[in-house]
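Please open the model in your viewer with both the sequence panel and the selection tool at hand. The tour moves from one selection to the next and says what is to be found at each.

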Amino acid sequence: MRLRFSIFLVVLAIVWAGAGIAAPAQTPSAGAAPSPHRPPGFLVLDGVDTTDHYSPEIREIDLDGLKKLLLRDPKDTRPLLINFWATWCDGCREEFPDLVKIDNDYRAKGLNFLSVTLDEVADKTKAVDFLKEMKATMRVVLLNVNDPEPAIHAVDEKWDGALPATFLYDREGKLVFKYFGKIKPAELRAAIDKAVGSKQ
Amino acid sequence: MKKQYAVALVLASFAIIALAAVAGSGRNPSDLPAPPAIGTTIDDFKLPDADGAEHSLKSLTGKNGAIIIFVATKCPVSNAYNDRMEKLAQDYKTKGINVIGINSNNTEPASEVKSHAGEKHLTFTILKDDGNKIADRLGATRTPEAYAIDPSGKLVYHGRIDNSQNTANITANDLREALDEVLGGKPVTKTGGAAFGCTIKRVS
């Protein structure tokens, strides 16, 4: 009996070890080839890539501005993905390349991506530099509020402000996916696929 | 027979892994158990400090209560509050309410918690919550995040320390106001508040 149990443990250990090794390989898109789709804002003039000269614009919004963005233009029936981040947030910076890829992959399929930075106004250039480094071309706004609570609860009553936070609304404006913490790209992509109505 | 048994074992362990994977995806912080409601009693727990010495919540609670704050060494928001947390600890120690820090980030080992506290002159006890068990039990998601308990162990406040990372912009001192109400024997008016913070880095 004792022997059987130790066999069980050994087998378990081997399988677990295997799972542990396999796990990192499942992390999608690490080091994957860049998307062939060039987002607007990147120009190739006379064969010269002007990517380095691309300067992202960050508009400042207040609580009302955020509420307006959440309500959306009724004529705009694109699914809406909102990611809240800040340059001071490790998890946000770590997940950003995956979000840039998602933006690149899904923009043509009708995904409306809104990126909201919680950096201080004084740190706006830090955010701009980060977006440049990320080659990010999604719409970015800076939420400038003195008290963050009404803004956080305008997005989600259950959210307490932990960053990063990601929300996906379908064409009808219904919240269909949310994630607090660093996103798992495969999970988010699956939710977006459903929201944009593509067949994988 | 033995072979069949081994196959069964392998299958069983695959099933366990599959279950673990499901449980793993359940680590979505959006799906964390809800934090205890205001008014519920926080069960006593034991955790080691950065030197490895065990403390219970009960032993650290002052005669008028305790403030548990989930902290971090690397989170700039938590770090923006270092001086304020130390001041809070000093101000309320004399009033019988003790500040207890808890570091639940799996990316920040006890040695780092210790050196960080030394550098930032944090004198209150900081406990190391390996495996984020207490963060899970209290439904803590971010740093800094505060829980105030009264002397009987009842939760009276859960949320932000105040409304701004930048001390110049503070207009709502939610935690201090709650503590002062507790000390004055009054019910707490505002029992919590949301603010942006760094997600606690849990074990995966």
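The stops below begin with chain A as a whole, continue through its helices, and end in chain B.

This is a predicted model, in which local features need pLDDT of at least 70 and side-chain atom pairs count only at pLDDT 80 or more, while totals for chains, interfaces and linings use all residues. Residues are numbered from 1 along each chain as its sequence is written, and chains are lettered from A and ligands numbered from 1 in the order in which they are written.

**Chain A overall**

Select chain A and colour by secondary structure: there are six helices and nine strands, where helices (H or I, at least four residues) and strands (E, at least two) are DSSP runs numbered from the N terminus. Of the 200 residues in chain A, 32% are buried, a residue being buried if 20 or more other C-beta atoms, placed from the backbone, lie within 10 Å of its own, exposed if 12 or fewer, and partly exposed in between. Among the contacts in chain A between residues at least 6 apart in sequence, 72% join residues at least 24 apart; two residues are in contact if their C-beta atoms, placed from the backbone, lie within 7 Å.

**Helix 2 of chain A**

Next, select A:Leu63, which lies in helix 2 (residues 63-71) of chain A. A:Leu63 counts as partly exposed because it has 16 C-beta neighbours inside 10 Å. Leaving aside neighbours within four places in sequence, A:Leu63 is in contact with A:Val145, A:Pro150, A:Ala151 and A:Ala154.

**Helices 3 and 6 of chain A**

Now show helix 3 (residues 90-106) and helix 6 (residues 185-196) of chain A together; they pack at an angle of about 25°, with their axes 11 Å apart. Axes here are lines fitted to C-alpha atoms, for helices over the stretch in contact, and angles run from 0 to 180 degrees between N-to-C directions. The two helices are therefore roughly parallel to each other, a description that applies to angles under 35 degrees. To inspect the contact, pick A:Asp98, A:Ile102 and A:Tyr106 on helix 3 of chain A, and A:Pro185, A:Leu188, A:Arg189, A:Ile192 and A:Val196 on helix 6 of chain A. These residues divide into six nonpolar, no polar and two charged, with Ala, Val, Leu, Ile, Met, Phe, Trp, Tyr, Cys and Pro counted as nonpolar, Asp, Glu, Lys and Arg as charged, and the others, Gly among them, as polar.

**Helix 4 of chain A**

Move to helix 4 (residues 124-134) of chain A, where A:Ala127, A:Phe130 and A:Leu131 are buried. They cover an arc of only 100° around the axis, which puts them on the same side of helix 4 of chain A; the arc is that of the directions from the helix axis to the C-beta atoms. On the other side of helix 4 of chain A, A:Thr125 and A:Glu133 are exposed. Just after helix 4 of chain A, A:Lys135 takes a positive phi of about 55°.

**Chain B**

Finally, switch to chain B, which has seven helices and ten strands, and in which buried residues make up 39% of the 204 residues. Select B:Leu57, found in helix 2 (residues 57-60) of chain B, which counts as buried with 20 C-beta neighbours inside 10 Å. Leaving aside neighbours within four places in sequence, B:Leu57 is in contact with B:Ile42, B:Asp44 and B:Phe45.

Note on methods: Angles under 35 degrees count as roughly parallel, over 145 as roughly antiparallel, 65 to 115 as roughly perpendicular and the rest as oblique.
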